[in-house]
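Me: I am new to this structure. I would like to know what the terms rest on. Please take me through it.

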Amino acid sequence: MDKIPMTAAGHAAMEQELKQLKSIERPRIIAAISEARKHGDLSENAEYHAAKEQQGLNEARVAELEDALARADVIDVSKLSGDTVTFGATVEIVDEDTDEEVTYQIVGDNEADVKQGRISISSPIARALIGKSEGDSVEVATPGGGKSYEILKVRFK
């Protein structure tokens, strides 16, 4: 079993989602199935089939979260330091072509959210940044062609 790297915040969020699915969603879905059964013939009961599908999706997500949490390698970013990009680092970079600055935190696959500024450790840009330091330039192969970035700042928070 491979360990899944994740930040403490990502681990806590996954635990919270798992608790929500088990303690709130699961009972709600069971009640919906029970109510739908009261309507008679199950073969033509759309409410029943919809509730059963919801149950399947919920249980699949519960299993996925339980697996990820069991294999979690929680890394406390606040205890990390240095000027080299590693897992958990928050990196300020600038696109050398457009001068657009952006800040990303490198996190585990399950907690990545580009809109929140968190990119997956397995993403092309994160892989290019790992091991580099402030002032280094990196080339990233993107679907739209190669991009060149300069690392402005590396910090751990």
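Reply: Start with Ser 148. Leaving aside its neighbours within four places in sequence, Ser 148 is in contact with Val 94, Asp 95, Glu 96, Val 138 and Glu 139. Contact means heavy atoms within 4.5 Å. This is a predicted model: local features need pLDDT of at least 70, side-chain atom pairs count only at pLDDT 80 or more, and totals for chains, interfaces and linings use all residues. Residues are numbered from 1 along each chain as its sequence is written, and side-chain values use heavy atoms, with hydrogens and water left out.

Me: Why is Ser 148 called buried?

Reply: Its relative accessible area is 11%. Buried means under 20% relative accessible area, exposed over 50%, and partly exposed in between (1.4 Å probe, protein chains only). So Ser 148 counts as buried.

Me: What makes the link between the side chains of Ser 148 and Glu 96 a polar contact?

Reply: The distance is 2.5 Å. A polar contact is a pair of N or O atoms within 3.5 Å; within protein, one must be able to donate a hydrogen and the other to accept it, and residues adjacent in sequence count only if both atoms are side-chain atoms. The side chains of Ser 148 and Glu 139 are also joined by a polar contact, of 3.2 Å.

Me: Where does Ser 148 sit among the strands?

Reply: Ser 148 is in strand β7, residues 145–155. Strands (E, at least two residues) and helices (H or I, at least four) are DSSP runs, numbered from the N terminus. The bridge partner of Glu 139 is Ser 148 in β7. Likewise, Val 140 has Lys 147 of β7 as its bridge partner.

Me: How do you know that β6 and β7 pair?

Reply: Two strands pair if DSSP finds at least two bridges between them. β6 and β7 have six bridges, in the antiparallel sense. They form a hairpin with two residues between them. β3 and β7 also pair in the antiparallel sense over six bridges. There, Val 94 stands opposite Glu 150 of β7.

Me: What is the order of the strands in the open sheet?

Reply: The five strands run β5-β4-β3-β7-β6, with mixed pairing. β5 (118–120) and β6 (137–142) stand at the edges. Each has a single partner strand, so one side of each is left without a neighbour in the sheet. The twist averages 45° from one strand to the next. Axes here are lines fitted to C-alpha atoms, for helices over the stretch in contact, and angles run from 0 to 180 degrees between N-to-C directions.

Me: Why is Thr 142 called partly exposed?

Reply: Thr 142 lies in β6. Its relative accessible area is 28%, so it is partly exposed.

Me: What makes a group of residues a nonpolar core?

Reply: It is a set of buried Ala, Val, Leu, Ile, Met, Phe, Trp, Tyr and Cys residues joined through side-chain atoms within 4.5 Å. The largest one here has 18 residues. Those with the most contacts inside it are Val 85, Val 91, Ile 93, Ile 125, Leu 129 and Ile 151. Two or more residues each come from β3 (90–95), β4 (101–107), α3 (124–129), β6 and β7. α3 gives the most, with four. A second, separate core of 10 residues includes Met 6, Leu 18, Leu 65 and Ala 68.

Me: Why does Met 6 count as buried?

Reply: Its relative accessibility is 1%, so Met 6 counts as buried. Met 6 is found in strand β1. Not counting residues up to four places away in sequence, Met 6 touches residues including His 11, Met 14, Ala 68 and Phe 87.

Me: What covers the buried residues of α2?

Reply: The cover includes β1 (4–7), α1 (8–37) and β2 (72–75). Among the buried residues of α2 are Tyr 48, Ala 51 and Leu 65.

Me: Why does Gln 105 count as buried?

Reply: Gln 105 lies in strand β4. Its relative accessibility is 16%, so Gln 105 counts as buried.
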